[in-house]
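Morning, everyone. A quick look at one model today. Please have the sequence and the structure in view.

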Amino acid sequence: MALLFSLILAICTRPGFLASPPGVRLVGGLHRCEGRVEVKQNGQWGTVCDDGWDIKDVAVVCRELGCGAANGTPSGILYEPPAENEQKVFIQEVNCTGTEDTLAQCQQEEAYNCLHNEDAGALCENPESPLSPVPENVRLADGPGHCKGRVEVKHQNRWYSVCQTGWSLRAAKVVCRQLGCGRAVLTQKRCNKPAQGQRSIWLSQMSCSGREATLQDCPSGPWGKSTCIHDEDTWVECEDPFDLRLVGGDKLCSGRLEVLHKGVWGSVCDDNWGEKEDQVVCKQLDCGKSLSPSFKDRKSYGPGVGRIWLDNVRCLGEEQSLEQCQHRFWGYHDCTHQEDVAVICSG
């Protein structure tokens, strides 16, 4: 019976799980699920060449180590201490499908022309921590306020520039959203010397859809490897932070709608305004659902004064913020304050 059990265990055990300890490790990162990739052969640890290294290969490493999802393919030279000169580069041209349980199951070649400046790195989600993003932060530097400037990302307490190569307005939208700013209105190379960075260039070939919550969710080229110069630093300008409020009522969740633009509060015209737009406002203010007030109830809050910022607002009802809805350019309208929008929510 014992022999039969051992035979069943040998047959059913998945490679990389109970059969043996991991033959791969990540060295020099902030946690065990990030760092320079090293593999074990004949009792010795060696590095992996980044020729052909991609996110599918990282996914297998993450799985073998019991980490979370694969988040990136940073260069191994980012991690200190660096590999020692006498340490060998063991493998190159790793080609995983992404479904393997261990890196040893992937196609690979014995390294023959790689140096340690080509060491591969891996970044996985850290299951011991709810937050392990890389880049750890993003900012817009040397601009007039935190919503305009040169894009810089933070990794291991150092700030790095981002190359314009592959950058798009979709990537700028992600940055603006991550910083709590308004819509992205401009992205360009920043060629004038005073606005160019002096730091290392860390990211290039960003490929964002525009729907990501943070820049680290976007695919990119290998981190820490770039042929760009600072003439190609990325500059982004976002609108000022978007905010709204309901005024004139006896509760925070009912009143005349006002939005903040360029530091000034202004009202919203009721042209095309309806139930879906009400829903988005109530959702954004965490005020429950719209109570679908009557025309008379809406007008009970009286007209506003000053700027009318928005007109012809059109929402699908699924947006998380009114700024995500279609509308005319800020300040363009054909309204008077007798047409100011008011909203009444259940909260």
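First, a term: buried means under 20% relative accessible area, exposed means over 50%, and partly exposed is in between, with a 1.4 Å probe and protein chains only. Now the ground rules. This is a predicted model, where local features need pLDDT of at least 70, side-chain atom pairs count only at pLDDT 80 or more, and totals for chains, interfaces and linings use all residues. Residues are numbered from 1 along each chain as its sequence is written, and side-chain values use heavy atoms, with hydrogens and water left out.

Backbone next. Most residues other than glycine have a negative phi, and most peptide bonds are trans. Glu-93 is not a glycine, yet its phi is positive, about 50°. Glu-93 sits in strand E5; strands are DSSP runs of at least two residues, numbered from the N terminus. Glu-93 is partly exposed, at 35% relative accessible area.

Asn-312 also has a positive phi, about 55°. Asn-312 is in the loop between strand E17 (308–310) and strand E18 (342–344). Its relative accessible area is 23%, so Asn-312 counts as partly exposed.

Which peptide bond is cis? The one from Glu-80 to Pro-81, with omega near 0°. Pro-81 belongs to the loop between strand E4 (70–72) and strand E5 (89–95).

On a 1 Å grid over the protein atoms alone, a cavity is a set of points where a 1.4 Å probe fits but cannot get out; lining residues have an atom within 4 Å of a point. The whole structure has one cavity of 30 Å³ or more. Its lining residues include Glu-239, Asp-240, Phe-242 and Trp-330.

Conventions. On a 1 Å grid over the protein atoms alone, a cavity is a set of points where a 1.4 Å probe fits but cannot get out, and a pocket is an open set with protein on both sides within 12 Å along at least five of seven lines; lining residues have an atom within 4 Å of a point. Grid points are joined across faces, edges and corners, and a volume is the space filled by probe spheres set on the points. Helices (H or I, at least four residues) and strands (E, at least two) are DSSP runs, numbered from the N terminus.
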